[in-house]
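I opened this notebook page to record what I looked up about charged pairs and nonpolar surface. The entries are in the order in which I made them.

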Amino acid sequence: MNRDRDKLSITVARLYYRSEYSQQRIAEELEISRPSVSRLLQYAKDKGYVKIQIMDPVEDMSNMEQMLMEKYRLNEVRLASSTLNDENEIKKYIGIKAAEYLDSIVHDGDIIGVGWGTTLYNMSCSLVPKVLKGAQIVQLEGGVTHSKWRNYAKDILENFANNYSTIAQYLPLPVIFGSREVKEMVDQDRHIKRVLELGNHANIAIFSVGTVRPNALFFRLGYTDAEEKTKIQKTAVGDICSRFFDDDGHICNKELDARTVGITLDELRGKEHSIMIAGGEAKIPAIRAALKGNYANVFITDQFTAKQLLKD
């Protein structure tokens, strides 16, 4: 029954979009009701049989992609066309673009390391279903929190694992420990050590960039006290996987970095695919610094952010 509906929806879509038949004429030709035609057109879009792309000649996306690649020495840049220069809208569109990009490069046997946060969560909800043989999903940074705010770490891992019909390896730890000694001791646990090593061996790493705004997710999760928060904000412009850097992309708080659980920024540089997904006006200083630090070789953003990054 679904197969018949699929075929009929495709026929309706071809008549409507290619032959430019009106919905009324399609209804008459196929001897179905006009509301049925409308429902079948929506069904075809929902199933992915129809994809509507709006080409804006004013926006030379490919040119901006090339300019960003040259300016920041990147292997790939993909720009999403966001309808509004709004943080939530941008997250939605770059999440879709990132999911499409990952689908184009992912293969059997890949080890995919992922960070956490709302941008990554948006991407995880837009993944293109694919069964991968021998692939693994691994968490790149600790994510346990007792805050009322969500970091989406568990949701992201589950979405990736379910999408690729594989397993996820979790880091069941907070991202920051109170002392370096405790953190180093925990790192030696057999299970934790194995997950950390798997993250180090991941050939694909996917992460976003955080800010040091007062309402930044890292601070809302309560990983630091007020004194440490103030210290971070004085020297840092942003973070990747909870590792904070200054406006030149250098780690700016080595003591905090030594207490942080997960992949290091130096390790990200060595990945075959180090994919940074970030956009929005508030994140531009952090994005620019991260690109200066060469932590990503693939950058996925929106046209508004791209324009700002190319102004300097």
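The notes below concern salt bridges and one surface patch.

Entry 1. I am working from a predicted model, and my tally of salt bridges in the structure came to 12.

Entry 2. I looked up the pair K130 and D103, whose closest N and O atoms are 3.2 Å apart in a salt bridge. Because K130 sits in the loop between α6 (118-124) and β3 (136-139) while D103 belongs to helix α5 (residues 87-105), this pair ties together parts that are 27 residues apart in sequence. K130 has 27% relative accessibility and counts as partly exposed, and D103, at 23%, is also classed as partly exposed.

Entry 3. I then turned to helix α7 (residues 153-163), where E158 and K154 are four residues apart and therefore separated by about one helical turn. Their salt bridge has its closest N and O atoms 2.4 Å apart, and E158 is partly exposed at 30% relative accessibility. I also noted that E87, K91 and R213 are joined into one network by salt bridges that share partners.

Entry 4. For E76 and R78 I found a side-chain salt bridge with an N to O distance of 3.5 Å. E76 is partly exposed with a relative accessible area of 28%, and R78 is likewise partly exposed, at 28% relative accessibility.

Entry 5. Which residues make the nonpolar surface patch of about 360 Å²? I found Y17, I52 and I54 there. Y17 lies in helix α1 (residues 2-18), and at 35% relative accessibility Y17 counts as partly exposed.

Terms used:
Residues are numbered from 1 along each chain as its sequence is written. This is a predicted model: local features need pLDDT of at least 70, side-chain atom pairs count only at pLDDT 80 or more; totals for chains, interfaces and linings use all residues. Side-chain values use heavy atoms; hydrogens and water are left out. Patches are made of residues with over 30% relative accessible area and no salt bridge: like charges are joined within 9 Å, nonpolar side chains (Val, Leu, Ile, Met, Phe, Trp, Tyr) within 5 Å. Accessible areas come from the Shrake-Rupley method with a 1.4 Å probe; for residues, only the protein chains shown count as cover. A salt bridge is a side-chain nitrogen of Lys or Arg within 4 Å of a carboxyl oxygen of Asp or Glu. Helices (H or I, at least four residues) and strands (E, at least two) are DSSP runs, numbered from the N terminus. Buried means under 20% relative accessible area, exposed over 50%, partly exposed in between (1.4 Å probe, protein chains only).
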